[in-house]
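Please look at the structure below before reading on.

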Amino acid sequence: MRQKLARVIGGVAMLALVAGGTACSSGSDDTASGGDACGNKIAFFGALTGPSAALGINENNGVKLAVDKYNKENADCKVELVPLDSQGSPDQAPGLAQKAIDDAKILGIVGPAYSGESEAAGPLFNEAGLVTITPSATNPTLAKQGWKTFFRAVGNDLSQGPGAGNYIKNVLKADKVYVIDDQSAYGAGLADEVKKLLGPAVVGSDKVQGDGKQTEFSAVVTKVKAANVNAIFYGGYYQEAGLIRKQLTAAGITAPMIAGDGVNDAAYITSAGAAAAEGTILTCPCQPAAEARGTFKEEFKALNGSEPGTYSDTAYDAANILLAGIKAGKTTREGLLEFVKGYSGEGVAATYKFVEGGELDPAQVKVWAFKVVGGKVVPDQEIPKS
């Protein structure tokens, strides 16, 4: 998943790009080579239904805002948003990727949202030359596949994992930690990074099943209780994390749970119950939504009827990068890919410049800790890099 940043961000530069280009002009190179300047599409690829849908909905709503604003400013040359609901499943990802590839009007993808589905869909997008910008898939190996079409608008788990580990070590000062993961590309990868940083402080570890396949966790709860730890780290998504936290609390285990961005959503509190969730620490390579620059928060709420959630802002920025390219006349897949490759600008969440492997420039990456307080996820602190 899910990862952010010198969020010294001002939507000004990005929005100026979107507003000031000339996509509808018939003189662009792409149009001259056969691209149709109007009637084009971008897609959101992520979970909109299923056990991991909350985070995907956060992101899709950010993309919706970007497209809505763009179309109001370019009423004679609109872009259509295509939702591709993966349910967070790597098994569904190849079919959805092919569906997007077969629609010649889809020029770019915001997503895939999760690391597992990114692994499954990435080779297809690369072969088709269809550019993707993920707002949240954080597994570091995604940038090492040689895909020319992969870009990441957040930091990866090489920043988030050590950030979570440093919080456990330096803020919680925990010296006996139990690490659990859901065996997904995201969850296992993040847990491994935490274990590397904590070293001998990790006194036990275990694996569970994600994707809604497991709801009873008595075996791991028994192991955690026997280890008598003072912190528990979970790598995975919010549904299982909530159930584990609920069952740990029921067993009398009060050690705090720390988890990554896949759990950083109010749906975790629903899953765990407010009392059990209280005090949980949730990390994210992202800033608090309230830190987003400009009028993003107000505009998001006006359109969607809810506050922006985790990765709503990076999804909005990813969409605006694609829309800026379309506005600039890059209305073929090849042209838009080249535009993104050379992009540099500010969004509401970060300053964006892509480096080797489509990664966000590391200088822009920050990791935040959030905390469950009074039944809500609230910002706690930015975590120092070391």
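This is a predicted model: local features need pLDDT of at least 70, side-chain atom pairs count only at pLDDT 80 or more; totals for chains, interfaces and linings use all residues.

Ile-42 and Tyr-268 are the residues with the most contacts inside the largest nonpolar core, which has 100 residues. Helix α13, residues 312-327, gives the most to this core, with 9 residues.

There is also a second, separate core of 14 residues. Ala-43, Val-82, Ile-106 and Ile-109 are among its members.

## Ala-315 in helix α13

Is Ala-315 buried or exposed? Its relative accessible area is 0%, so Ala-315 is buried. This residue is found in helix α13. Leaving out residues up to four places away in sequence, Ala-315 touches Glu-59, Val-63, Val-110 and Pro-135. Ala-174, by contrast, is 141 residues from Ala-315 along the chain, and the C-alpha atoms of the two are separated by 34 Å.

## The parallel sheet

An open sheet is formed by 5 strands, and their order is β2-β1-β3-β4-β5. The pairing in this sheet is parallel. The edges are taken by β2 (80-85) and β5 (150-152). Each of these has a single partner strand, so one side of each is left without a neighbour in the sheet. On average, neighbouring strands are turned by 25 degrees against each other, with direction ignored.

Two pairings can be followed through Ile-109. Strand β1 (residues 41-46) pairs with strand β3 (residues 106-110) over 4 bridges, in the parallel sense. Here Ala-43 stands opposite Ile-109 of β3. Strands β3 and β4 also run parallel and are joined by 3 bridges. In that pairing, Ile-109 stands opposite Thr-132 of β4.

## What covers the strands

Strand β4 (residues 131-134) is covered on both faces. Val-131 and Ile-133 are on one side, Thr-132 and Thr-134 are on the other, and all are buried.

Helix α3 (residues 53-73) lies across β1, β2 and β3. The helix runs at about 165 degrees to β1.

Which residues of helix α8 (residues 218-227) are buried? They are Val-220, Val-221, Val-224 and Ala-227. These residues cover an arc of only 125 degrees around the axis, and therefore lie on the same side of α8.

The face turned away from the buried side carries exposed residues, namely Ala-219, Thr-222, Lys-225 and Ala-226. Asn-228 follows α8 and has a positive phi, near 55 degrees.

## Confidence in the model

The average pLDDT of the protein is 89, and 90% of the residues score at least 70. Over residues 1-36, however, pLDDT stays under 50. For this stretch the model has 138 contacts beyond four places in sequence.

Technical notes:
Residues are numbered from 1 along each chain as its sequence is written. Side-chain values use heavy atoms; hydrogens and water are left out. A nonpolar core is a set of buried Ala, Val, Leu, Ile, Met, Phe, Trp, Tyr and Cys residues joined through side-chain atoms within 4.5 Å. Buried means under 20% relative accessible area, exposed over 50%, partly exposed in between (1.4 Å probe, protein chains only). Contact means heavy atoms within 4.5 Å. The arc is that of the directions from the helix axis to the C-beta atoms. pLDDT is the predictor's confidence in each residue, from 0 to 100. Two strands pair if DSSP finds at least two bridges between them. Axes are lines fitted to C-alpha atoms, for helices over the stretch in contact, and angles run from 0 to 180 degrees between N-to-C directions.
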